[in-house]
Amino acid sequence: MKEKITGSEALMRALKAENVKTIFGYPGGSIMPVYDALYQYTRGEKKTFNHILVRHEQAATHAAEGFARVSGDVGVCIVTSGPGATNTLTGIADAMMDSTPIVVIAGQVSTAVLGTDAFQEVDLVGVAQPISKWSYQIRHAGDIAWAVSRAFYIARSGRPGPVVLDFPRNAQVEMVEFEPEKVDFVRSYVAYPELDDKAVTEAARLINNAERPLALVGQGVELGNAQEELKTFLEKAGIPAGRTMLGLSALPSNHPLNVGMLGMHGNYAPNIKEQECDVLIAIGMRFSDRVTGNVKTYARQAKIIHLDIDKSEINKNIVADVAVIGDCKASLPAITQLLQERDHSAWRESFKPLAEKEFERVIKPALHPTSGPLLMGEVVDAVAQATDGQNITVTDVGQNQLFSTRYSYFNQPRSVVTSGGLGTMGFGVPAAVGATFGAPGRLVVCFSGDGGFQMNIQELGTIMEQQAPVKMVILNNNYLGNVRQWQDMFWERRKSFTKMMNPCYELISQGYGIPYAVVVDRKDLKAAVERMLSTKGPFLLECAIKEDDDVLPMTPPGKSVDEMQLDI
């Protein structure tokens, strides 16, 4: 007779079968049987999991995202029902927008009282379905093995994304004969489309005949672990490449074919040249409105080649002349094999005057000011110089995000963790905590504004308890800086509720036992950064930033990318 175990114990064994090592979570009434089973798996001979107790369920999802983004594994979090479950929704939506594989397991009231408005009952499956890749309620303990395996398969395969498992209390305590299952097929779900040879041939033909090709590199290259395939592709055909914000570390910053960051606050040259290229090759990116600007005028002169694993992205925002649907790990080599060797030196040289113009008018003043208060750019640059681009850069959202992605260096894959599609303030600190567990051998630096830092400030408790070695940099301008900039530019400088009264971060850091330093004068910046980086464990560095420091260049909303402004 087979051993019978509880559904909660079955969940532990199912997670172990998926090779889960780290779980972020927060216990509560409806998930208590699971946490009781988890107790045995976090200590002694049965120790399997490292459970990280966060201080808020939203932070659990962001930590799982940070873990997934740097490790390439599925991030896992466990929470209770009701508000515990609804608190995860922002992180689930964030993971969906940015194709991040996480599995959220939430407690639920027993099936016998579903629909009665029982204490802490919420229809999580119904709420989460539109913002997740799959959402499912495990109503019986006998379904656990199948549901968990299916959840991990869906989360990590194809275009990754979040999966939600709703786990009623009765299924947690039911007895079941557990047999692990391995799901590697879901009817009607094609995770890895078969390459169309005709599309591959046509894409290669267009690239071979191009005089002014330009590649747009997105996060899909990182998700497909196709960084080397990308370099081989670009180098054989001599194609300059711009990178989206989420794709920044897919190609090293110092690679000779890298021409900068795309988008509203990206680099001047690639944005202008999008309107001059004759063949535009989009690789693992979704033509976000922050990249395209006005879609009616975007790259009208170019033939568009779109490489993506997700068929739904094709022709969604920009119509492609050739669509190569499939994993870029396979599609890039298939096209490369048919390419002629080119260097396109004259075309690549034409980027340089634009880059020099941006350097003189924007970058040089941002990185090397001679007087006045500290600027965000010089702080980010000081960190980048000290780390030589080897660190993982985690950002919150706002001006801190735009400056830190513009002025950081990325010389290793999976080195940028930021909230792209959803733009979630409060993402930075918990995502950085997750990153320290996902890549324990690497230095993690988190840039936040004073607004976003306070949105999940309670996670300093998680950092304190875990001694997670997050190096936190607060770029403090006493404003919701990005909104303030838009108010100055487009709302006749009416600063409606963007000025912030901030707490004493030194006292807060003392309360959590986290080393702290503040920089007001730029002469003290280098030493403070060196102290932060040399301190073992976490560190909080506050930098007093010029209040009206603006992110430039900028393509104003609704404008074409070649209408990018170098000044205000």
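## Helix 9

Helix 9 covers residues 197–209. At 1.5 Å a residue, its 13 residues should span 18 Å, and its end C-alpha atoms are 18 Å apart, which agrees. The expected span is 1.5 Å times one less than the number of residues. Helices (H or I, at least four residues) and strands (E, at least two) are DSSP runs, numbered from the N terminus.

This is a predicted model: local features need pLDDT of at least 70, side-chain atom pairs count only at pLDDT 80 or more, and totals for chains, interfaces and linings use all residues. Residues are numbered from 1 along each chain as its sequence is written, and side-chain values use heavy atoms, without hydrogens and water.

Asp196 caps the N-terminal end of helix 9. One of its side-chain oxygens lies 2.9 Å from the backbone nitrogen of Lys198. The buried residues of the helix are Ala199, Val200, Ala203, Ala204, Leu206, Ile207 and Asn208. Buried means under 20% relative accessible area, exposed over 50%, partly exposed in between (1.4 Å probe, protein chains only). Their cover includes helix 11 (227–237), strand 12 (279–283), strand 13 (303–308), strand 14 (322–325) and helix 14 (328–336).

## Gln219

Gln219 sits in the loop between strand 9 (213–217) and helix 10 (220–223). Gln219 is buried, with a relative accessible area of 10%. Beyond its neighbours within four places in sequence, Gln219 is in contact (heavy atoms within 4.5 Å) with Arg69, Asp98, Thr244, Leu246, Gly247 and Gly284.

With Asp98, a polar atom of the Gln219 side chain lies 3.0 Å from the backbone oxygen. Ser249 is 30 residues away along the chain, yet the two C-alpha atoms are separated by 8.5 Å.

Six strands form an open sheet in the order 3-2-4-5-7-6, with parallel pairing. Two strands pair if DSSP finds at least two bridges between them. Strand 3 (50–53) and strand 6 (134–137) stand at the edges; each has a single partner strand, so one side of each is left without a neighbour in the sheet.

Strand 4 (residues 75–79) and strand 5 (residues 102–108) run parallel, joined by five bridges. Gly75 stands opposite Ile102 in strand 5.

## Whole protein

The protein has 24 helices and 20 strands. Its C-alpha atoms fill a box of roughly 75 × 60 × 45 Å along the principal axes. Buried residues make up 59% of the 568 residues. Among contacts between residues at least 6 apart in sequence, 77% join residues at least 24 apart.

How values were computed:
A polar contact is a pair of N or O atoms within 3.5 Å; within protein, one must be able to donate a hydrogen and the other to accept it, and residues adjacent in sequence count only if both atoms are side-chain atoms.
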